[in-house]
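Dear colleague,

I am handing over the structure that we talked about, and my notes on it follow directly below. Please read them with the model open beside you.

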Amino acid sequence: MSARITAGHRMKRVLSMVPWLVAHPGVAVAEAAARFGISEKELLDDLNVVWLVGLPPYTPDSLVEVVLDDGRVWIHYADFFKRPLKLTPAQALALVVSSDALASVPGADPAGALPRALDKLAGSLGLDTTERVDVDLGIGDPAVLTDLRAAAEAATEVEIDYYSYNRDAETTRRIAPWRVFADAGAWYVDAWCHLANGERLFRVDRVAALRATGEPSTHLPGPDAGDAVFHPDERHPRVTLELENEAAWVAEYYPTESVEVLDDGALRVVLAVTADAWLERLLVRLGPAVRSVTTVAGAPADLAEAGARAAARVLRRYD
Amino acid sequence: MSKLERLLNLTAVLLETRRPLSAEEIRTQIEGYPPPGPSFRRTFERDKDELRGLGIPLVVERVPGTDPPIDGYRIPPEDYHLPDPGLEPDELAALHLASLAVRLEGLDDTEAFWKLGGGAAPEGAPVAPITEVPSHPALVPLFSSISNKQRVRFRYNDTDREVDPWRLDFQRGRWYLTAFDHSRGEERNFRLDRIDGSVVVDDVRGSATSEPPLADGRTRHSWEYGEDEPVTARLRVDAVRADWARRQLGDDAVVADDAEATTFEVEVRNTDAFRSFVLDLLDHAELEGPPALRDDLVAWLRAVAAR
């Protein structure tokens, strides 16, 4: 690390630590160091600079006074640093986003310390109300989310009625929830699934019903847990799609085997098909943005017609 | 004389001064600067950059009574000092836990917590991170312009917009802006990832003059973010997916409900986005109206079926 970065980093810390020490006269050095996440020696090194700071003419009475006695510290005459520097907009936003997101998680206490903190914070940032930023991590039945989190914490199993999007069918399965998290606007639970006899990721908004069993989990997360995002393997058939520009997001959104840019800017991508309903939905939704569908050697030939077949099936409702 | 000491002294002097100080005054008052000349100017330039990089509001003003004018420097205390939010210990701890559970992508909040009075994370069980909320280059400038009531300009849907930002919403994994669009004379919603290029923030605080309405707490959908003439769509969803659709669309959207299916009515301003939602339900749903939307969907499906 260069000296320049070190000076800037220490400067930030000193500008925040001095006001706190001024406001807490006689605090133990050890406590102050712990608060700012540094060692006592680092804190004393910072204080060694602070007592050289002051205003012209830099006579002893115009300098900051630092008193160290019996492991305690007092700072006097540091009026110019009586308050810390304002939060940068990015720092303020990060705090507001974290606290608003957590405060609006289904099941959170609306009168708890977090909403109160957010309210005070918004006021000091010049926001007239906390409603100027609203973070919604995902839709989920509050009761289901709460039960899943409780089961994950207690390491007990639950039974769920689950709509499988890939198979377009509902199943009942017993799972051992490991971790509940949100990603890209949806809640997920990473769990051991007894039906699949393996680790699976479930979307909380597709859990139609949940029954707690109260029984301890027979499978606990191993060191590789959290890797449950589906990885296609050799058994899955492959298709090649030629996509117009407007459908280029497909190549970023789904794991692709290969992506090739054609002369006119269109994309040729090879995708593994993990479930027929998944391919049907993709093709029906993309519509004319798909130029062609062909199967890769080894895949059932009729997979190329998955979109047309699904569209015909949906059309029967409109006859 | 360390650089840290010089920067701290510079900050203290510029915070304390009532009138802007010239570079020469600063050089003579603060120890550790080289004699006048190119070397001093380089060092002073670097120090100014360093302070600004830390977020210190260093302003440049004309030194009073100078002709030709000479640049002077000061730090207005009211722009520097963080107003005390008066957080109780449990509130600070709650903020800490929240920042461990939900992070905003690319932002480290160590420094923010130093400013709020330090505080290592509270004792107790480690918090399992719940998520990282994605960021966007326009996010911080828009947030800042909401706090300062500043008007902003950007390009969206091939049109230059001039808007008063009202609210930022993160929903379904995306950031949205609600704003008063002066170019259209009404409230509009924008997806941040569709903003073309950068956001230009008006220098003047208070330049956003429209009065923002309070949030209604309603979840918004992709098909509400569009320029199409709004229509009310009627969607019948089979029981097998009705609960899921109800969670997505909300109880208020339900107009009929029986053992076989649930019927919803929603306002659509973006036909493409709504068609995509309907098709995601495959043959478990039927778009009953209005006729124009239904015809569009049927034509779309026929084209796909004919391939």
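In chain B, β11(B) and strand β14 (residues 285–289) pair in the antiparallel sense over four bridges, where strands are DSSP runs of E with at least two residues and helices are runs of H or I with at least four, both numbered from the N terminus, and where two strands pair if DSSP finds at least two bridges between them. Within β14(B), G289(B) is the bridge partner of R234(B). Strand β11 (residues 231–238) of chain B is also joined to strand β13 (residues 261–268) of chain B, by eight bridges and again running antiparallel, and here V237(B) stands opposite T262(B).

Before going further, please note that this is a predicted model, in which local features need pLDDT of at least 70 and side-chain atom pairs count only at pLDDT 80 or more, while totals for chains, interfaces and linings use all residues. Residues are numbered from 1 along each chain as its sequence is written, and chains are lettered from A and ligands numbered from 1 in the order in which they are written.

Turning to the two chains together, 85 residues of chain B are in contact with 88 residues of chain A, contact being counted when C-beta atoms, placed from the backbone, lie within 7 Å. On the chain B side, helix α1 (residues 3–16) gives the largest share, ten residues. That side has 44 nonpolar, 20 polar and 21 charged residues, with Ala, Val, Leu, Ile, Met, Phe, Trp, Tyr, Cys and Pro taken as nonpolar, Asp, Glu, Lys and Arg as charged, and the others, Gly among them, as polar.

Finally, in helix α9 (residues 306–315) of chain A, the residues A306(A), G307(A), A310(A), A311(A) and V314(A) are buried, that is, each has 20 or more other C-beta atoms within 10 Å of its own, C-beta atoms being placed from the backbone. Seen down the axis of α9(A), these buried residues fall within an arc of 130 degrees, so they line one face of the helix; the arc is that of the directions from the helix axis to the C-beta atoms. They pack against α8 (276–286) and β13 (290–295) of chain A, together with α10 (291–305) of chain B.

With best wishes

Definitions and conventions
Buried ≥ 20, exposed ≤ 12 C-beta atoms within 10 Å, placed from the backbone.
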